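Please look over the sequence and the model below. Then read on for a short tour.

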Amino acid sequence: MDFSEEASPHHRHRSSLEGIISLSNPTEISSLVGVIDVPAGPPFGADQRSVATNKFHRIVNYFNTRDTDRGPYNRSQLVNLTHQYALTEESRDNLLRAFFKVMTLSVDHDEDIDFDELRPKFFGFADFLLDNFFLPLKASTKKTPQPTPTYHSAAQEGQAAIAQGSVGTPARIATLRGECLIRDHHRCVISRSFDTQEAQRRFKRETPTQPAKDDEDRPLLQEQRYANLEVAHILPHSLMKVNSNHQLDNSREAALGVLNMFDQGVVHLIEGADIDRPSNALTLTKDLHENFGNFQIFFEHIENTQQPHTYRVNSFLSPPIAISMGLPATRTFYPSKTRTIDPPSPRLLAIHRAIGHILHLSAAGDYIDSLLKDMDEKVIPGDGSVDVGRMVQLSLSGWLDRSTM
């Protein structure tokens, strides 16, 4: 079966985009990676940015109002929101450069637009963003494996392994979990629940004169909330999974190219082994981890506070569920006692928030959830090969493979 063939009408535009967005052909994907990875030029001038932005919105609004066959998600909104939620002007400039290159239009000159000719390119661009960024990220961020945490001298050995760059080993994740538990004072950064396993260890060591205490030197007997805590990646460590040749494949190159359009230069924060640094991780309870990984919970930085690293934690969950989880809430991250463990990165949390909003507002998140549910239940869609192709490509690219984590 050729999964690059589209059976439903609203996906037939994909094959006409010069064959560069085929779901099942990695070499074809690479040609649009080159477009997405357009070298960053100098920032647009005010007039150039205004012309480019107005033309972009004109195109988006045209297809948003006239596309009666939206498909499973709003592709016009996905493109628009990706531009809207880019974190800097420079990043939005880069997105506009890539967009107009795919559209084969000038960035900064008025010109007649043949919207019929533009249609397959526009919707192909939207599908490329979904297939090579939003879908794999949402699929691979759902859960980080939880090996036993590594502390102290063992953690130092783990850091040596990190320096050698073997991405995705259980030892690396164990080191990360141990560091995050220490930095976050053995508490979930949202619920403030204390780690059950650590509490049990401390209760076993206590004596009549030395009662068990938490990391703030308060008696654990007064603690009301305990939970088994997990380490959660902010951006999934599958982003940096290398192939047998120790290289990133086309799928990951594409994802990193799109990521760079959210925040120019942010990729260096997670390159190689840095994907498993504490700056890309949080300590959470199991339920909060699953919803954070599913982009249902997000952190919004609060500016101008006396305490750095203070956030408003909010969600897209139904109000009764959000309330049961204590959301919304305002939280300040603990500094590590030695201040040698980095706090969660504000830039990475801002990107996570942006991705969550785009998935929610474009309905792409619901579509991806449905697709992943079908994969879990081994349901093969009978109304066309596009969803099947996405399932196959997701598996072949290793986004769902946690065996090496």
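Predicted model: local features only at pLDDT ≥ 70, side-chain atom pairs only at ≥ 80, totals over all residues.

Residues are numbered from 1 along each chain as its sequence is written, and side-chain values use heavy atoms, with hydrogens and water left out.

Start with the fold. The protein has 14 helices and seven strands. Both are DSSP runs numbered from the N terminus: helices are H or I with at least four residues, strands are E with at least two. Of the 405 residues, 54% count as buried. Buried means under 20% relative accessible area, exposed means over 50%, and partly exposed lies in between (1.4 Å probe, protein chains only). Now take contacts, meaning heavy atoms within 4.5 Å. Among those between residues at least 6 apart in sequence, 74% join residues at least 24 apart.

Next comes the core. In soluble globular proteins, nonpolar side chains tend to be buried together. A nonpolar core here is a set of buried Ala, Val, Leu, Ile, Met, Phe, Trp, Tyr and Cys residues joined through side-chain atoms within 4.5 Å. The largest one has 88 residues, and I59, F134, I190, L239, L259, F299 and I355 have the most contacts inside it. Helix 5 (residues 115-140) gives the most to this core, with 14 residues. A second, separate core has five residues, among them I173, L176, C180 and V231. Leaving aside residues up to four places away in sequence, I59 touches F99, F100, L105, I113, F115, L118 and F122.

H352 lies in helix 12 (residues 346-362). Its relative accessibility is 1%, so H352 counts as buried. Beyond four places in sequence, H352 touches I234, F292, F295, I297 and F298. The H352 side chain also reaches the backbone oxygen of F292 at 2.9 Å. E300 is 52 residues from H352 along the chain, and their C-alpha atoms are separated by 9.7 Å.

T283 lies in strand 4 (residues 281-285). T283 is buried, with a relative accessible area of 1%. The side chains of T283 and D184 make a polar contact at 2.7 Å. Such a contact is a pair of N or O atoms within 3.5 Å; within protein, one must be able to donate a hydrogen and the other to accept it, and residues adjacent in sequence count only if both atoms are side-chain atoms.

Now the backbone. A cis peptide bond joins L327 and P328, with omega about 0°. P328 lies in the loop between helix 11 (319-324) and strand 7 (329-332). H186 is not a glycine, yet has a positive phi of about 60°. D217, also a residue other than glycine, has a positive phi near 70°.

Finish at the second largest pocket. Thirteen residues line this pocket, with H309, F333, Y334, P335 and R339 nearest its centre. On a 1 Å grid over the protein atoms alone, a pocket is an open set of points where a 1.4 Å probe fits, with protein on both sides within 12 Å along at least five of seven lines; lining residues have an atom within 4 Å of a point.
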